[in-house]
Amino acid sequence: MKIKVSLGITIGLMAITAAVTFMITSNVTLDMFNNKIKSVSEKQEFYSKLSEIDTYSRTHYIGEIDEAKLIEGMVQGYIGGVGDSYAEYLTADDYAKRLNEQTGVSVWLGFNYEKESSGYIKITEVHPGTSAEESGLLAGDIITAVNNTDVIAFEGGYDEAVSLFNCEEGTRVKLYVRRTDDDGKSDFITYNVTAQRSEQVTVTGRMIENIGCIKITSFTDRTESQLKAKLDELISAGAMGLVFDLRNNKGGNMDMLQKCLDHIIGAGVVVTAEYKNGNVENTVVCTESEEIKMPMSVIVNQNTAGTSELFAFALADKCGAHTVGKTTAGKGYLQTAYTCSDGSVVMLSTAILRTEKSGDFNGVGLKPEFDVTLASDVDLNTVSDEAAVLTDAQLIKALEVTVPKDTAE
């Protein structure tokens with residue numbers, strides 16, 4: 001049955017429809033306008049406050065304002081106030097150094113270090129075949145002066161002192177070192193160390209009975225080749241189980257993570273990333289159809305972060321590896337670098353990383369299957385391989401649970 005509608009009714013319906021459409025559009029536009037006004041208002045308040053502080057400082061500060069430092073300080077303050085605990089601001093030079101470090105080949109003195117409680121520089125690891133080893137430096141040494149200046153006497157303190165380690169190939173750096181023996185006696189020794197270009201060793205390993213033990217200190221562009229070579233070496237030597245030591249590994253190159261895992265686990269998605277817009281992407285996808293078929297364990301601690309956490313999660317999720325040690329750092333965000341017009345770079349957390357089985361681990365970390373605490377007198381940076389088998393409780397536990405199949409009861 002056909003229903004006739006008069007022209008007047010039709011025009012009336014069209015008018016109502018147009019009115020409703022206008023109202024909806026107006027409300028949406030009004031909301032957008034209000035949000036825009038709010039944003040502008042907030043920005044105006046931000047710049048007004050900054051202008052006030054700038055006026056007070058330039059009018060009343062008795063010293064001279066270094067404009068370059070002022071700008072750097074403002075940028076650092078902004079990044080610090082964003083709320084992203086992993087955000088960073090890097091100058092163009094600092095970012096170039098960061099990229100150079102990721103290549104795994106760099107000009108350096110040959111040792112790793114950290115800030116000691118007193119403000120001096122503690123050597124945590126001396127790499128074989130480097131000028132540092134040839135000079136006689138040892139892990140545990142405390143650097144108290146660089147190029148005849150006490151570390152604490154530098155205007156920039158520790159940070160300025162260690163910046164002298166980043167020098168051109170062939171540069172000699174004079175180090176004044178305090179070395180304390182087992183009896184508590186300290187000696188002060190002067191070393192001259194030459195900056196050399198070399199490949200950083202991020203993977204080391206050895207056999208402990210029939211278990212292959214591999215330590216990965218970071219993930220650089222050279223880590224995959226080093227890991228593959230070490231795996232082949234240990235398996236050829238008769239390894240019937242593997243222990244991966246990721247303690248104090250603060251992460252590194254995400255692309256390298258996938259390449260390393262490709263030599264260990266089977267094919268499949270390992271890690272996904274969820275972005276602000278809700279998009280989910282597979283960021284780590286392994287392609288190997290065969291995995292290493294042997295028992296595994298992973299040792300972690302509170303300094304195991306980012307990429308190294310994902311490595312540990314992957315082995316636990318995909319290979320059933322046991323996890324031993326202490327809860328990891330819980331750095332589960334993906335960072336993206338954005339380059340500014342002057343070449344400086346802002347690193348921001350842009351996605352939440354999720355593992356296949358464990359999910360979102362940011363702020364939570366990996367809780368080991370076997371929670372094992374190191375004795376207070378065990379220093380991972382200085383303990384020898386021989387002593388570690390007797391005193392490193394985390395390594396001992398990892399070896400214990402990595403039981404080769406033919407010896408399992």
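User: Happy to dig in! What covers the buried residues of helix 7?

Analyst: In this predicted model, helix 7 spans residues 254–261, and its buried residues are Met-256, Leu-257, Cys-260 and Leu-261. Because these cover an arc of only 130° around the axis, they sit on the same side of helix 7. The elements that cover them include helix 6 (223–236), strand 13 (268–275), strand 14 (280–286) and helix 8 (307–319).

User: Are helix 6 and helix 7 roughly parallel or roughly antiparallel to each other?

Analyst: Good one to check by angle. The two axes come within 9 Å and cross at roughly 20°, and helix 6 passes helix 7 in a right-handed crossing. The contact is made by Thr-223, Glu-224 and Leu-227 of helix 6 with Met-256, Lys-259 and Cys-260 of helix 7. Angles under 35 degrees count as roughly parallel, so helix 6 and helix 7 are roughly parallel.

User: Which residue caps the N-terminal end of helix 7?

Analyst: Look for a side-chain oxygen that lies 2.8 Å from the backbone nitrogen of Asp-255.

User: Over in strand 16, is Thr-323 buried or exposed?

Analyst: Thr-323 lies in strand 16, residues 322–325. Beyond its neighbours within four places in sequence, Thr-323 is in contact with Val-298, Ala-316, Leu-366, Lys-367, Pro-368, Glu-369 and Phe-370. Its relative accessibility is 5%, and the cut-off is under 20%, so Thr-323 counts as buried.

User: Which backbone nitrogen does the side chain of Thr-323 reach?

Analyst: Glu-369 is among the residues in contact with Thr-323. At 2.8 Å, the side chain of Thr-323 reaches the backbone nitrogen of Glu-369.

Technical notes: Residues are numbered from 1 along each chain as its sequence is written. This is a predicted model: local features need pLDDT of at least 70, side-chain atom pairs count only at pLDDT 80 or more; totals for chains, interfaces and linings use all residues. Side-chain values use heavy atoms; hydrogens and water are left out. Buried means under 20% relative accessible area, exposed over 50%, partly exposed in between (1.4 Å probe, protein chains only). Helices (H or I, at least four residues) and strands (E, at least two) are DSSP runs, numbered from the N terminus. The arc is that of the directions from the helix axis to the C-beta atoms. Contact means heavy atoms within 4.5 Å. A polar contact is a pair of N or O atoms within 3.5 Å; within protein, one must be able to donate a hydrogen and the other to accept it, and residues adjacent in sequence count only if both atoms are side-chain atoms. Axes are lines fitted to C-alpha atoms, for helices over the stretch in contact, and angles run from 0 to 180 degrees between N-to-C directions. Angles under 35 degrees count as roughly parallel, over 145 as roughly antiparallel, 65 to 115 as roughly perpendicular and the rest as oblique. A crossing is left-handed if the near helix is turned anticlockwise from the far one by less than a right angle, and right-handed if clockwise.
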